[in-house]
Amino acid sequence: MEKTTMAFRYFMPADTYFGRGCIEAHKDVMEKLGKKAMVVTGRSSAKKNGAQKDVTDALDSLGIQWVLFDEIGENPDLETVERAAEIAVKVGVEFFIGIGGGSPMDASKAISVMAANPGKGSDALFDGNSAALPVVAVPTTAGTGSEVTQFSIITLHEKRTKTSIAPKVFASVSYLDPKYMDTLSPKITNNTAVDALTHLIESYLSGSANFISEKIVEMGLSIFRECIPALKAQQYPAEIRDKLMLASAIGGVAIAQTGTSLPHGMGYFLTYEKHLAHGMANGVLTRAYLEQFPEGDEKVAKLLACLGMKDTAEMGAFMDAVLEHTETYTEKDIAYYTERFLETPQKMATFPYPLTKEDVYKMYEKSLLK
Ligand SMILES: [Fe+2]
């Protein structure tokens, strides 16, 4: 490639509809995806918030047959994905609709890969060339961004952590309707909002950031800034729900370009070992991550300014105010997390400065042994 001051690719192929009532208004686009769908959800939330009914009503009116798989738990594991894929193959499912937080959407992507490659078994998930059947994403929390990313994170008990599947699976269609969040609890709202915020932050500061991803993040941060008082007060009027969903989708579009960085990579062990919600795991590590950058770093300063925060201490205070983090840790715990994190050099490489084992240990120490 020619030497140039700027070179990047921008790719975001999900056909995305935003707005209250968007499934009913744009259901026709599902017609081209197939004649039989699997609706993939958790046990109850998609039923309670009305998303499942909106989807199945749309499918019924289009004459698309569907089966329900509602067994996706938090941090879906390989065994659940395998079980759903087996059913999908048996009944001839042609596309998948993941409704929920990150877990059902991520699981749908993994199930779609296994169902498209029945001969490969779970190997299909670790081979970047495996094809996928089409996926529709309907987020009912504002955090994961899975509706606009190519990522699917599943839990591998064998490795005691979470990992991205190798095939990149963008949703063919995404419906972003903030009304499904109107009844979401303050706890889940805040944990997922922090997940969205950390996507914006980690994308912005990643060594892979590019001109477009940075501008997108600046827009997302300015929207997120308007939600900060509501998150602290745990009051979420409809316009705040809309903004949180927008900020989450923008965070997703940003990490689809750059990937995530240290808080995500380091936080997986807190989720696996201590059952911290994903957003919380990232959030508790964020201040120390920002302080790992050289003092006076211009990008960190600009990021904080976009959020209306004066320094990293204010970021830490924000996380303390919106997350209920009460877990305790020992030095042995953080030594273990440090060792495990060093097994993911690709995540460490996203940090744009040299990073040692001691640096990683200190970030955990600062965040967890307060
Ligand atoms: Fe995340």
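**Domains**

I looked up the domain assignment first: the protein is split into domain 1 (15-181) and domain 2 (186-368), with bounds that come from an automatic or database domain assignment. This is a predicted model, in which I took local features only at pLDDT of at least 70 and side-chain atom pairs only at pLDDT 80 or more, while totals for chains, interfaces and linings use all residues. I number residues from 1 along each chain as its sequence is written.

I computed the centres of domain 1 and domain 2 over C-alpha atoms, and 25 Å separate them. Domain 1 puts 18 residues into the contact and domain 2 puts in 23 residues; I call two residues in contact if their C-beta atoms, placed from the backbone, lie within 7 Å.

**Overall build**

I find 16 helices and eight strands in the protein. Helices (H or I, at least four residues) and strands (E, at least two) are DSSP runs, numbered from the N terminus.

The C-alpha trace spans about 60 × 50 × 45 Å along its principal axes.

I count 52% of the 370 residues as buried. For this, a residue is buried if 20 or more other C-beta atoms lie within 10 Å of its own, exposed if 12 or fewer, and partly exposed in between, with C-beta atoms placed from the backbone. I also checked contacts between residues at least 6 apart in sequence: 80% of them join residues at least 24 apart.

I went to strand S4 (residues 95-100) next. Six of its six residues are buried, so S4 is largely enclosed by the rest of the structure. On one side I note Phe95, Ile97 and Ile99, and on the other Phe96, Gly98 and Gly100.

S4 runs parallel to strand S2 (residues 36-40), and four bridges join them; I treat two strands as paired if DSSP finds at least two bridges between them. Here Met38 stands opposite Phe96. S4 is also joined to strand S5 (residues 135-139), again parallel, by five bridges. Ile97 has Val136 of S5 as its bridge partner. From S4 the chain crosses through helix H5 (residues 102-116) to S5 in a right-handed β-α-β crossover; that is, with the strands pointing away from the viewer, the path from the first strand over the helix to the second runs clockwise.

**Strand S8**

I then followed S5 to strand S8 (residues 173-176). S5 and S8 run parallel and are joined by two bridges, with Val136 opposite Val173. Strand S1 (residues 15-18) pairs with S8 in the parallel sense too, over four bridges, and Asp15 has Val173 as its bridge partner. Both faces of S8 are covered: I find Val173 and Tyr175 buried on one side, and Ser174 and Leu176 buried on the other.

**Nonpolar core**

I looked for nonpolar cores, meaning sets of buried Ala, Val, Leu, Ile, Met, Phe, Trp, Tyr and Cys residues joined through C-beta atoms within 7 Å. The largest has 113 residues, and Val40, Phe96 and Ile111 have the most contacts inside it. Helix H9 (residues 238-258) gives the most to this core, with 11 residues. Domain 1 and domain 2 both give residues to the core, so it lies between them.

I listed what Ile111 touches beyond four places in sequence: Val40, Val81, Ala84, Ala85, Ala88 and Phe96.

**Two single residues**

I placed Gly101 in the loop between S4 and H5. Gly101 counts as buried, with 28 C-beta neighbours inside 10 Å. Leaving aside neighbours within four places, I find Gly101 in contact with Thr140, Thr141, Thr144 and Thr192. Phe151 is 50 residues from Gly101 in sequence and 14 Å away in space, C-alpha to C-alpha.

I found Thr198 in helix H6 (residues 186-205). Thr198 is buried, with 28 other C-beta atoms within 10 Å.
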